[in-house]
Amino acid sequence: MRPAAASLALVTLVAAACSDRAGDAGDTVSGPGGPSDAARYAAAGTTREDFVGADACSSCHADQYSRWAASTHGRAGGEPDPANVIAPFDGTPMVFRDATVLPLVDSAGRFLFVVRQDGYPEQTITVDGVIGGGHMLGGGTQGFVTRAPDGTVRFLPFDFSRQLAEWFCNTGSRTDEGWVPVTPEMALADCGDWPPTRILGTLSRFTNCQACHGSQITARLEPGAGVTTEWTALNINCESCHGPARRHVELMADRTGDPAASPRFADIGLPSRVTDSVEESLDACFSCHALGDVIAEGYLPGARLADYQALKLPILGDDPYLPDGRVRTFAYQGTHLSSSCYVDGNMTCVSCHEPHGLGYWDINRVPLASETDDRQCTSCHAAKVTAPETHTFHAADSPGARCVSCHMPYLQHPEVGAAVPFARSDHTIPVPRPQLDGRLGLVSACRGCHTDRSELRLQAQVDDWWGETKPVDRVTAGLLAVTDRMGPDQAGRMLLHPDEPGTMARFQGLARFLTRWVRPGEGLAPDAADRVTRLAASPDPDLRALALATLHAADSTRGAAGADGAIAAAGGPAATVADEPLAVRRRWVMILGFLSDEALARDDVPAAEALLRRALAVIPGDAAVLRSLGLLHNRTGDYPRAIAAFTESLGADPDQPLARVNLGIARAASGDAAGAVREYQAAMAIDPNEPLAYFNLANLYLRSDDLPSAIRFYERAVVLGPELGAAHRNLALALGRTGRIEDAVPHARRAVEFSPGDQTARDILAQLEAARSP
Amino acid sequence: MSARAAAAIALAGFWWTATGAAARGAAAQEAHGGQVLIEALGCAACHSGVPGGEAIREVAPPFGDGAAPMAPAYVFHYMADPQTVRPDIAPARMPRYELDERQRVALALFVSNDREMRGVDQALRAAMARHPDADRAEGAALFETLNCAGCHVHPEAQSRVTAPDLSLTGVRVRPEWLTGYLANPVTIRPAGPVPGEGGQMPDFRLDAAEAASIADYLLELEGPDGADPPAEVADWEPQALSPFAMQKAGTLLRNRWSCLGCHQLGEDGGRIGPRLDGVAQRLRPGYVRAIMQDPAHLAPGTIMPASLEQPDRLDLIASFLLGRDGEWSGSETVADLPALPDATAPGAELYAARCAPCHGVGGAGDGFNAPFLPVTPTVHADSAAMALRPDDTLYDGIHAGGWILGKSHRMPAFGASLNDGEKRALVAYIRALCRCEGPAWSRDGRRSR
């Protein structure tokens, strides 16, 4: 394979990774690269105009409004303004090894970052939005966004920690050291968001959704026009929880007359949240405060979140949770789903959090002054009130005697690292088990205060005071004890517990079993099959889909039993796969897609393809699955079948610019350069700002030695996708070949800066610098 | 009353009268007013808060050993519809109870004092053949349930004052309702004023004037000493709720609150307390609002727990109940109430009163109210299941209700109505029922020493 083809393949895979991620998100309505947000509200029959903003609520709901306005939601962000910016924009520089960044306010009052990087012209970046107010007790941060030329609004790499009073950046996608304060030893590109790639809103080209850092944020791609990013506010407004209020405002505008007598007061245009069931209540909060995979766009408060997001699916692959549900990497308060208060009770977020002011109250809505007030717990756990010292063993007025000190300790999210405080109180509400906590890599609640004592000693104290402590559930026990060396029978007995009450735990156990002990097409042992079948009876769509996908993936009849076979084995009301709710089938497809990716990672291409074909039996003609099939064929060099798969995918959903790009790559590899050009142009017609269309088109010109055309399209590609190292590299190559050494060098540098592992880019830079030196 | 007179009545059988009722009522009103009537009828035999209670024992025939024998057949027939009036005791009279044949057989066996059963006629003999199990003990229990001893002295029975205190009648009920109710009483509490005991207000066949006279008197009564009604009773007015708010309140009431564990609303709900349909016609608005917040103050001895909800929600629910359409009607009496244990231990007594209506006297989950609940009450006698529940969980459920434990929201929270000792006594009693302990890990306190 020639280097150019290799680089092409590399970039193709980058594109594939982006689109696959979106494919995992099950965006089967509009397709990756398509107008995902365009469908967001339209799907619910709602438009942006249906949202009125918080101020419209203030006149009638003055009490709730004033509490909200002072809350962390009300102060969560906004336009850059001295009132909501906590970071110092005073010109004090952030000093990097290769750059200096000056945060300042200019004479017009604009908040700016002036970036002076060695070897590049000075850049001035305007702050167009402030995200966060640094309010969180365990680590408050503030970030900033700017409008990019392609219509997106992107997060800047420069974040501010209130506790540290320092600038920091997230190195996640570069040096992978978590969040680190800016130091003169760091390169600017050690910051994962340099150049900025995370956007506000959800577009499948970008891997990170940030639709929750504001209210009614939409990034929508109008086919043929480009991306438009809009929001109602950058704080979290009333309609984020209550839904679009235009009709409510109109209906209630005329408040004359007797409300009891007027039938129009039967429908006030909004649902009541007072009557929420436990799950409905959690839906409103977990649409933002939990990890989740998007299975359909368009969630609005009042709908069932399960129809739009799968909160347990991130467990597959990323495994963000520890065996007992605590945060292993980075998560939000979805860990509540692993708490006994939820599993064995009915606790919701608003059991403790007053939803307007976000202060605290007890289960009976009696306001509490502080987040450490025991009555959050004792209004239910009343038995602990009368003789608390027999339970706490700490002086009654000491911090150690507070319920939350032991049961909701602040834990640093591990993926962030230790350098920047980002601890969140543990919403699994665990029992302190110092030895186990230590084994799991956590700082136990005991050790959080008693830093001078070993876990062993603390455990001895716990044993002395409480004797036997509450046992963990059977799945958690199994997850803690199981080892990869065990056989599937033993692992199944340890991990699969259909009768365990915790849905999250049951999902975790099955997920581990599926990914470690189930081989596609090789069947399940009878005991495991029985347990999985019983797990499939769960009404929880995540768990049911996982169990069905397990049965389906393991099916040893070479697919003859098919999806209907899994349905039949699981029993239940559905007779065939077509009867199964779409919410379950979407999850099922995503899980098979995940297993296909895993198979591909093992270079087991036949299994990967077989799994995708099984997914097509669950949702026939699914555009995302067909696109994944095309990518798989591109990877194995089976271009005719890749072309067929992409063509079928685009038939199902034509507005997929990246599917067009990948179809073009398949055509080019088949020797159909003219056909490839047509596909790239078609991709540009859908999204005029799709950098990969320009990049791959430029590659064609580079290969045919039409350097001026190649340069023209590469230049467009790096403007639209400044993070694309390969585009910088190839542009440098093309410029170099035309003799424009001085123009080429900065792009070669960018290529090395953004893709440090790209040896070709290093070679090109070395050649250019050699050519440049006298 | 002499033994001779009683015997004469028994031998004479029935005499019916349709005369004199109005005249009696008018005379009573003119001469003595409502109070005279109340004392004569013996209201205080069952109710607190009204005068009298002894006079009726002077005129009601005594039963049992030492009293004149009474023919069983006479009792059996008389109880079917005791419209007998004895001019010598008027305006006192024997009220009418809704008794079935078996109950009348059992009562006849208990009160006749005719051990030889000489006074048995063909009809009673046939009825006894139909109900061979109906015995004297059953009659004794029924005698107690109906509080017959409130009026009729019987050496084997104690009278009990368990019906609602009437001194707060004026703050509780609407005058127009009260008059109608007194004239035509229906069942308000389906299982009796002490839930499970089964007592009911009998029909005294009061005419309109008598009913009005008694109502006038009751409405003027002042509350018991030191028991001023809460401010809400006088001051509170229901909100005019929109249909949206009505729907919200109705959903809360059905899906989240515990009220319908005990009270019936439409076809839904329990049979412990009065039904909630049409309360606007029966009760004063302020009382409806106040009873939720402080039932013990307004209805001494009630098992209804004080709500832990906030005032805004109490306003909403009270306004909802008062704003609903629907006629007030009585409830159907719950039949087949199990015998309550003779409990004296604190936990047992509390359990019998507050838990047994749903969980059953023996903790089998089979209380008389269980059939009216959406889920079977926890079987406290189930050792295996209960051994998995910590004592604290039982305590917390008693304190904060079933909802917080992920169990039925119809299990109310007694947190504001029982003290710590009472809650712990209940936990101990439940442990006695299950003959089990909670899991070892759940017990607090230093254990290794």
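## Two packed helices of chain A

In this predicted model, the axes of helix 27 (residues 673-686) and helix 28 (residues 691-703) of chain A come within 9 Å of one another and cross at roughly 160°. Helices here are DSSP runs of H or I with at least four residues, strands are runs of E with at least two, and both are numbered from the N terminus. An axis is a line fitted to C-alpha atoms, for helices over the stretch in contact, and angles run from 0 to 180 degrees between N-to-C directions. The crossing angle makes helix 27 of chain A roughly antiparallel to helix 28 of chain A; angles under 35 degrees count as roughly parallel, over 145 as roughly antiparallel, 65 to 115 as roughly perpendicular and the rest as oblique.

Helix 27 of chain A passes helix 28 of chain A in a left-handed crossing. A crossing is left-handed if the near helix is turned anticlockwise from the far one by less than a right angle, and right-handed if clockwise. From helix 27 of chain A, the residues A:Ala673, A:Ala676, A:Val677, A:Tyr680, A:Ala683 and A:Met684 meet A:Ala693, A:Asn696, A:Leu697 and A:Leu700 of helix 28 of chain A. Two residues are in contact if their C-beta atoms, placed from the backbone, lie within 7 Å. The residues of this contact comprise nine nonpolar, one polar and no charged. In this scheme Ala, Val, Leu, Ile, Met, Phe, Trp, Tyr, Cys and Pro count as nonpolar, Asp, Glu, Lys and Arg as charged, and the others, Gly among them, as polar.

## Numbering and confidence

Residues are numbered from 1 along each chain as its sequence is written, while chains are lettered from A and ligands numbered from 1 in the order in which they are written. Because this is a predicted model, local features need pLDDT of at least 70 and side-chain atom pairs count only at pLDDT 80 or more, whereas totals for chains, interfaces and linings use all residues.

## Chain B and its helix pair

Chain B has 22 helices and two strands. Of its 449 residues, 45% count as buried. A residue is buried if 20 or more other C-beta atoms lie within 10 Å of its own, exposed if 12 or fewer, and partly exposed in between, with C-beta atoms placed from the backbone. Among the contacts in chain B with a separation of 6 or more, 72% are between residues 24 or more positions apart.

Helix 16 (residues 285-293) and helix 18 (residues 311-323) of chain B pack at an angle of about 135°, with their axes 9 Å apart. This angle makes helix 16 of chain B oblique to helix 18 of chain B. Helix 16 of chain B passes helix 18 of chain B in a right-handed crossing. Among the residues making the contact are B:Val288 and B:Met292 of helix 16 of chain B, together with B:Leu314 and B:Ile317 of helix 18 of chain B. The contact residues divide into eight nonpolar, one polar and two charged.

## Where the chains meet

In the contact between the chains, 33 residues of chain A touch 31 residues of chain B. On the side of chain A that touches chain B, helix 11 (389-392) and helix 15 (455-466) of chain A each supply at least two residues. Helix 15 of chain A gives the most, with three residues. That side of chain A divides into 13 nonpolar, twelve polar and eight charged residues.

## Buried positions in chain A

In helix 17 (residues 488-495) of chain A, the residues A:Ala491, A:Gly492, A:Met494 and A:Leu495 are buried. Seen down the axis of helix 17 of chain A, these buried residues fall within an arc of 165°, so they line one face of the helix; the arc is that of the directions from the helix axis to the C-beta atoms. Their cover includes helix 16 (474-481), helix 18 (503-517) and helix 19 (526-535) of chain A.

A:Trp588 is placed in helix 22 (residues 582-601) of chain A. This residue counts as buried, with 29 C-beta neighbours inside 10 Å. Not counting residues up to four places away in sequence, A:Trp588 touches A:Ala545, A:Leu548, A:Ala549 and A:Val618. A:Trp588 and A:Val618 are 30 residues apart in sequence and 7.5 Å apart in space, C-alpha to C-alpha.

The peptide bond from A:Trp194 to A:Pro195 is cis, with omega near -5°. A:Leu358 has a phi near 60°, a positive value in a residue other than glycine.
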